[in-house]
Amino acid sequence: SSGINAEWGKQWYQRRVRGTMIFVLSAISPDKMESAVRNVCQVIREGGRVLFRDYGLYDHAMMRFKPGHKISDHFYVRQDGTRAYYFTIEEVQGLFAACGMEMIASTYEERETVNKKEGLSVPRVFVQCQFVKKC
C-alpha cells in the first residue's frame, strides 16, 4: 500500500503544473498573503498554472458590514469571528507577480444570488484570475 502512495506522490511531485486558490486568501491576514502565495508558487513548475478565485471589491457581503467590523482597507471581520478580504484584480496580480507568475486572464465575475424563500436578490462580485509561472 505504501508503495502505491509513494509512487503516486512521486508522479504528482514531478508533474506539479497546476494549483488552485479558491476562496483561500480572503480569510488570511493581508500581512500573510504574500507568504501564502509564495508557498503555492514554489510547487508550480515553469509553465505551470494557478487558478485564483475570491471575493471582489464592492461585493454585496462587503457592503453589508456595519461600523466596527472593518479591520483595515478591504478587510473585515464577520459576526462569527471569521475574516474576509475583498480584492481588486491589481492586488491579486501584484501578489502573484512578486513570485514570478504572469497573469494570463482576469475578470470580475458578477453574479446574482437569489434567495427565493426570503425574496432577496443580491449582486455578488468575485475576482477570477489565471497565472502561469514564467520560464
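In the predicted model, Glu-112 stands opposite Pro-123 in S7. Strands S6 and S7 run antiparallel and are joined by 14 bridges; two strands are taken to pair if DSSP finds at least two bridges between them. Helix H2 packs on the sheet, where it touches S1, S2, S6 and S7, and its direction makes about 155 degrees with that of S1. Such angles run from 0 to 180 degrees between N-to-C directions, with axes fitted as lines to C-alpha atoms, for helices over the stretch in contact. Residue numbers start from 1 along each chain as its sequence is written. Because the model is predicted, local features need pLDDT of at least 70 and side-chain atom pairs count only at pLDDT 80 or more, while totals for chains, interfaces and linings use all residues; side-chain values use heavy atoms, with hydrogens and water left out.

The secondary structure comprises 4 helices and 7 strands, following the pattern α-β-α-β-α-β-β-β-α-β-β along the sequence. Helices (H or I, at least four residues) and strands (E, at least two) are DSSP runs numbered from the N terminus. Of the 135 residues in the chain, 35% are buried, where buried means under 20% relative accessible area, exposed over 50%, and partly exposed in between (1.4 Å probe, protein chains only). The chain exposes about 8,700 Å², and carbon and sulfur atoms supply 50% of this area, as computed by the Shrake-Rupley method with a 1.4 Å probe. Among contacts with a separation of 6 or more, 67% are between residues 24 or more positions apart; a contact means heavy atoms within 4.5 Å.

An open sheet is formed by 4 strands in the order S1-S2-S7-S6, with mixed pairing. Its edge strands are S1 and S6, each of which pairs on one side only. The twist averages 15 degrees from one strand to the next. S1 and S2 pair in the parallel sense over 5 bridges, and Arg-18 stands opposite Arg-49 in S2. The chain crosses from S1 through H2 to S2 in a right-handed β-α-β crossover, that is, the path from the first strand over the helix to the second runs clockwise when the strands point away from the viewer. S2 is mostly covered, 5 of its 7 residues being buried. The pairing of S2 with S7 is antiparallel and extends over 7 bridges; Asp-54 stands opposite Val-127 in S7.

In helix H2 (residues 30-42), the residues Met-33, Ala-36, Val-37, Val-40 and Cys-41 are buried. Seen down the axis of H2, these residues fall within an arc of 135 degrees and so line one face of the helix, the arc being that of the directions from the helix axis to the C-beta atoms. Exposed residues Asp-31, Lys-32 and Gln-42 are carried on the face of H2 turned away from its buried side. The cover over the buried residues of H2 includes strands S1 (18-22), S2 (49-55), S5 (83-85), S6 (101-115) and S7 (120-133), as well as helix H4 (89-97). H4 lies across S1, S2, S6 and S7 and runs at about 140 degrees to S6.

A further open sheet consists of 3 strands in the order S3-S4-S5, with antiparallel pairing. Strands S3 (70-72) and S5 are its edge strands, each pairing on one side only. Neighbouring strands of this sheet are turned by 30 degrees against each other on average, direction ignored. Strand S4 (residues 75-77) is joined to S5 by 3 bridges, and the two run antiparallel. The bridge partner of Phe-75 in S5 is Tyr-85.
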